[in-house]
Amino acid sequence: MDLFSFTAENNIKSSAPLADRMRPTNLEEFIGQKHIIGKGKLLYRAIQADKISSIIFYGPPGTGKTTLAKIIANTTEKYFEQLNAVTSGVKDIRLVVDKSKERLGMYNKKTILFIDEIHRFNKAQQDALLPYVENGTVILIGATTENPYFEVNKALISRSMVFRLEPLNKEDIKQIMLKALKDKENGLGMFEVDIDKSAIEHIANIANGDARIALNGLELGVLTTPPNENGVIKITLDIAQDCVQKRALKYEKNGDEHYDTISAFIKSMRGSDPDATLYWLAKMIYAGEDPKFIARRIIICASEDVGNADPNALNVAVSAYQALDFIGMPEGRIPLAQAAVYVATAPKSNACYKGINKALEDIKNIETGQVPMHLRDASYKSASKIGHGKGYKYPHNYPNNYVKQNYLPKNMLGIKYYKPTDNGYEKYVNERINKLNKE
């Protein structure tokens, strides 16, 4: 490295955001993720012994994925290369592979290739990488915020250890912030800062497990607050609230959190828990989820999980969708909440859902037979002359508008698709069907 490059690198480092400057350089400085990096854990031992095999780090932003990769870079005797999947392509992969082969042949030195946001590599890019991971030309370390089992080539997954990083807890976040305030070389230790406990608590809470958000908010507060007459920068709760105003949520509309949250929402309605239903609904609204998507899920749940136990649930759900379309957001949150709570608190039955699924399965797999002659249409041309409709009994000509007759193909006689429960209105339906069957 020449003098110009060295100076440029130092300038970049000194002007980098606090979160980047405060990255730990060894395992002893790393805070959090004890379930994978605690002393005695597999990853801790592998890093210490420099026996790293291919790894994929999976977890929310700001939890230490890139930091762990850089710690490995600092502790390994292997050569370390880094690519970002957003800006790199197959050409970059091949260049790294060629250099890796050269080092392996000349110096018997392996290369670790760290790929940030590996889920953004398309199938062709991942396929280009696979043979060299498989034959050991490179040791892969991938970092992703998305579920690697969905987003990463299965062959790459099978050749890697997957470690899930969890959101940092509040105590970890507070410890990281206090460390930054004391660090004079990379942190904010060159300033005299007096920060209220309530301010630290607020930032740690709003960061929601993301150390980067906490450190960025802390740095913004320190750099934008003038010192008092004693040269002290006083960070109050009001200042902290200005610096970090909205709670961070990991929620990408095509990512894990989207599917996991809507799943929790539906299961809460199905499980008759109105409080959990409102919590998950609020999370989706806060994160900017499409409200019409939410409304459609409520409609499905009203029919699938409530059904005829309370037929009005479907009416309420559809009305909420129409109301949302009419008034928009943010007021649309109110009919959404009303419908979701109605569905959550309604009696439950999936008898219609099970019935139609079983009928579809039989249509697909069983020779069900033809429409019985007495049920066929006799209204067109000379259909009645060939027996269509012959023997049909018109129910309104009989007492109580009911008469027993077969409505199924001959091969399907006696089959039961709809089995009503004793819940809600369906109990009345069940009683009525049983009464009719006895007549």
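This is a predicted model: local features need pLDDT of at least 70, side-chain atom pairs count only at pLDDT 80 or more; totals for chains, interfaces and linings use all residues.

Okay, let's begin with helix α17, residues 312-327. It has 16 residues and reaches 22 Å from its first C-alpha to its last, close to the 22 Å expected at 1.5 Å a residue. Now, which residues of α17 are buried? They are Ala 313, Val 316, Ala 317, Ala 320 and Leu 324. If you look down the axis of α17, those buried residues fall within an arc of 100°, so they line one face of the helix. Here's the background: an α-helix has 3.6 residues a turn, so residues three or four places apart point the same way.

And what do the buried residues of α17 pack against? That would be α16 (291-306) and α18 (333-345).

Now for the pair. Two packed helices are described by the angle between their axes and the distance between the axes. For helix α6 (residues 90-107) and helix α7 (residues 123-134), the axes come within 9 Å and cross at roughly 10°. An angle under 35 degrees counts as roughly parallel, so that's what we call α6 and α7. On the α6 side, the contact is made by Val 90, Ile 93, Val 97 and Lys 101. From α7 we get Ala 124, Gln 125, Ala 128, Leu 129 and Tyr 132. Sort the residues of that contact by type, and you get seven nonpolar, one polar and one charged.

Definitions and conventions:
Residues are numbered from 1 along each chain as its sequence is written. Side-chain values use heavy atoms; hydrogens and water are left out. Helices (H or I, at least four residues) and strands (E, at least two) are DSSP runs, numbered from the N terminus. The expected span of a helix is 1.5 Å times one less than its number of residues. Buried means under 20% relative accessible area, exposed over 50%, partly exposed in between (1.4 Å probe, protein chains only). The arc is that of the directions from the helix axis to the C-beta atoms. Contact means heavy atoms within 4.5 Å. Axes are lines fitted to C-alpha atoms, for helices over the stretch in contact, and angles run from 0 to 180 degrees between N-to-C directions. Angles under 35 degrees count as roughly parallel, over 145 as roughly antiparallel, 65 to 115 as roughly perpendicular and the rest as oblique. Ala, Val, Leu, Ile, Met, Phe, Trp, Tyr, Cys and Pro count as nonpolar, Asp, Glu, Lys and Arg as charged, and the others, Gly among them, as polar.
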